[in-house]
Structures are given as C-alpha cells and as structure tokens.
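Subject: Structure for your files

Hello,

Here is the structure we talked about. My notes on what turned up follow below.

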Amino acid sequence: PAGATLIGAASAIAVGRSVSFTDPTSGAPALLLQPKAGSFLAYTAVCTHQGCTVSYEGSQFACPCHGATFDATTGDVTGGPARGPLTKINVQVVNGQVYAV
C-alpha cells in the first residue's frame, strides 16, 4: 500500500509468536504478533514506565526492568509501575505481506 512500510511475510510469524521490527514512524523497537491465525497486531516495544524494551510472553508483554505487564491484544497496562498503554501500530496484510500503515 502507498506510504506503508513492509514488516515481513505473514507466513514467517507463527501463531502465538512475535517478531521484532523498527516502528517506521518513531524509529523505536516494536513487536508484531499473531495471537490467533490470521490476526496480526503490532505495538511499540518501549515500556511507558521508563523506556525499557518489553518482550512478548504468551498473552502479555513484560518489561524486564521494573515488572510492568501489558495486555497483548490491547497494549493496556495489566500490572506494575507503568501507567500508560503501549502505542499500537496499525498493520495491514496485503498479498501475504504485513505492512505498518
């Protein structure tokens, strides 16, 4: 799509897994995940508490620095010192490729 940034092939992301990429808007680390078949979500991987990089752990994102956790389907804070959600990155699948739009 015009103005979109290619993240990678949809087939390279297994259900229940994530892949790292760089948010084309901010240049920050980001994560693309496929929580269920055919559903793709992406969020910045920068904890809203103090900027550490979060990881995807099953149904949540977890910050290794101070223990904040975030819901993997919404980015909302579920625990720890973070007060704001992770920033969602809009994605679109076109011809088997995932793009940040």
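In which loop is aspartate 23 found? Aspartate 23 sits in the loop between strand 2 (18-22) and strand 3 (29-36). Please keep in mind that this is a predicted model.

Aspartate 23 is buried but has no salt bridge. Lysine 88, the nearest side chain of opposite charge, is 13 Å away, whereas a salt bridge requires a distance within 4 Å. The aspartate 23 side chain does reach the backbone nitrogen of threonine 25, at 2.9 Å. Apart from neighbours within four places in sequence, aspartate 23 is in contact with Ala28, Ala30, Thr44 and Ile89.

Now the cysteines. The count comes to one disulfide, which joins cysteine 52 to cysteine 65 with an S to S distance of 2.0 Å. The link is left-handed, with -105° about the S-S bond. Cysteine 52 is buried at 17% relative accessibility, while cysteine 65 is partly exposed at 40%.

Cysteine 47 is in no disulfide, and its nearest cysteine sulfur belongs to cysteine 63, 3.8 Å away. Cysteine 63 is likewise in no disulfide. The cut-off for a disulfide is a pair of sulfur atoms within 2.5 Å. Both residues are buried: cysteine 47 has a relative accessibility of 3%, and cysteine 63 has 7%.

Regards

Definitions and conventions:
Residues numbered from 1 in each chain as written. Predicted model: local features only at pLDDT ≥ 70, side-chain atom pairs only at ≥ 80, totals over all residues. Heavy atoms only, no water. Helix = DSSP H or I, 4+ residues; strand = E, 2+ residues; numbered from the N terminus. Buried < 20%, exposed > 50% of the residue type's maximum accessible area, 1.4 Å probe, protein only. Lys, Arg positive; Asp, Glu negative; His and termini not counted. Polar contact = N/O pair within 3.5 Å; in protein donor to acceptor, adjacent residues only side chain to side chain. Contact = heavy atoms within 4.5 Å.
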